[in-house]
Amino acid sequence: MKRTFLSVVILSTVMALPAKAQKVLANGYPFTQVPFTSVKINPNTFWGARLKAARDVTVPLAFSKCASEHRYKNFEMAAYTLQHPNHKGLETKEWDVAKIMGLAFDDTDVYKTIEGASYILQTYPDKKLKAYIDSVLNIVAAAQEPDGYLYTARTINPNHPHQWSGKKRWEKEEDLSHELYNLGHMVDAACAHYQATGSKKFLDIACRYADCVVREVGPKPGQATVVPGHQIAEMALARLYTITGEKKYLDEAKYLLDYRGKTHIKQTYSQSDEPILKQTEAKGHAVRAGYMYAGIADVAALTKDSAYMKVIDRIFNNIVGKKYYLTGGVGARHWGEAFGDNYELPNMTAYNETCAAISMVYLFERMFLLHGESKYIDCLERTLYNGVISGMSMDGGRFFYPNPLSSDGKYKFNADNTLTRQPWFGCACCPSNLCRFIPSVPGYLYGVKDNNIYVNLFAGNTSYIKVNGKSVVLEETTNYPWDGNIQIKVKKNDAKQTNLLIRIPGWVRNSVVPSDLYTYSDNQKPTYTVTVNGKAVTADLDANKGYLPVSGIKKGDVVNISFDMPVRTVVANQKVADDKGKVAVERGPLVYCAEAVDNNNEPVLRSVVSKAPTFSLVDNYVINNTETKGAPSFEVKAIRTNAQTLEQAADGKVSVKDMPLTLIPYYAWNHRGGDEMNVWFVQDLSILDK
């Protein structure tokens, strides 16, 4: 097979037929996510640019890395062993799985890339890309064992499998093998591929592996009574149930959750130290945790398990109340890539893995689907615009694994000891996860319940939505997040008494997060207006869970939304030691930071923001993307404020000098090399004496 993914220059946007885009899969939630197949993001918009970067750069890069980094070869070698079970290579060094393969979860890079490409196919149909995916699936299918087991780390050389894999199936699942993690990403990718293309080619492969797991993993005699060492299979199996209607997949997902904390490995790192019904706070490896919490929500919705719902409610409250960074990231500690203790939120040493931010988006979306409250989308938006997209360069070709909130330009985990985005990683979970996640963003814009359409995120798009089985077409135009003006035109409405519920973001309502972890420190009171055909609409937002209802929309209606978008200052709860006496800057959904390169190479880590700062906006501020050769520059809306910088004399005395401070959106930092960056600025000079 030709492994090089050359010139995937996907054709200009072609709108899929609305009929294809209208299918909404039942998932047990009271509220329904309008699927990615129904929402077409406009090109040349904020999210249109992100999708274009994924289409033109990230997905092709990921496919090329699957070729160059041995990912496809793993499947080919496994297939060769299945076809020649006694071949002599099984006893030679060239078939030493640990040396040729790298990591036991490398298979998932292929699955995640196919998932992202499948989402891309829906927005930008392309026959060459579809054919390429099919050719990759031929390689994947050939590596599947007769009973459905598909895990190349063992199949390549079953007598001498990967050192993480154990001597027999599932033996090290709770430790390092990642067999069920591989299943989870395979199933998610297969479901996305099926939704985007209608082809069951990948879905059939995934179902065969899932059937193998159902037979072999569980509490019954003769089964391996284990739970995932790295969670994701739970949410994937729940999704597979909604696609196929096969209840055995839901039952397996619930088993994997019910038995957590009851098997032979009990550790905080993988959230297996106690049964989930007893868990009260987010702890351990942040990505594993986020995936598990999303899986709990899925199973709670599908089984109507109120105990599960209580678990996920208290975990959410713990995260956003005590363990959530201003940028929407999670995972304070490098060691274990883990949540820290309550209020342990250091800035320079923050881990904030990109994958962990993505897992939070999954969780927050599910919390909305359970409860229908805008506060969950507020958190989703914060994480999406800051903690997630900071992990990928604007051109789509370089990536962050961690996302700290301050930097001195150094990073001990890089070979060159500088903190810069990398073109790939040996453990490539973050690039491949971005590859699958960014193209799925259209699926987060809207929700539906009964005759209500929830407008959750704001982006230029045309959407084909089903309301009680009838078609509604909305056309949205906006320059969000750069300004707060949004227009929604009702292009079609065959449904009766359809209502739009417009989310009024927390940042408009003077709520940074739905807790006391962060608060606005200025006295501003942003305003907003919503009009329908020029007539103002008002409502009690608290009574409507943060949404403003626009009742009885009909074809031809024009809804105009305007959010006041001032620059705001934020302070943290006094229990957050690293942020005491400091202030951060936001505008709309964006957190801002200062980089030395925008400030005459002054040490922005020593910048002091006055107690009564004034701000001015700089439109079309150009950032030259010098980190990636040949990458184009891009524009942002920058902020300038009056500030000072601290200077230390030879005698040790500290003085201050005036220095205007330029800030850029946090997601846009590090496009011009590794240098100082800062989000939290000293405001109370008395903290320097402590």
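Which side chain does a polar contact of 2.8 Å join to that of Glu 145? Select Glu 145 and Arg 169: their side chains make that contact (a pair of N or O atoms within 3.5 Å, one able to donate a hydrogen and the other to accept it).

This is a predicted model, in which local features need pLDDT of at least 70 and side-chain atom pairs count only at pLDDT 80 or more, while totals for chains, interfaces and linings use all residues. Residues are numbered from 1 along each chain, and side-chain values use heavy atoms, without hydrogens and water.

Stay on Glu 145, in the loop between helix H6 (127-142) and helix H7 (152-155); helices are DSSP runs of at least four residues, strands of at least two. Glu 145 is buried, at 15% relative accessible area (buried means under 20%, with a 1.4 Å probe and protein chains only). Beyond neighbours within four places in sequence, Glu 145 is in contact (heavy atoms within 4.5 Å) with Leu 82, Thr 155, Arg 169 and Arg 208.

Next, select residues 179-197 (H8) and 201-216 (H9), whose axes come within 8 Å and cross at roughly 150 degrees. Axes are fitted to C-alpha atoms over the stretch in contact, and angles run from 0 to 180 degrees between N-to-C directions. In H8, the residues meeting H9 include Leu 183, Met 186 and Tyr 194; those in H9 include Phe 202 and Tyr 209.

Finish at the open, mixed sheet, ordered E1-E4-E5-E9-E13. Show 452-455 (E5) and 498-503 (E9), which pair in the parallel sense over four bridges (pairing needs at least two DSSP bridges). Tyr 454 stands opposite Leu 501 in E9.

Note on methods: Buried means under 20% relative accessible area, exposed over 50%, partly exposed in between (1.4 Å probe, protein chains only).
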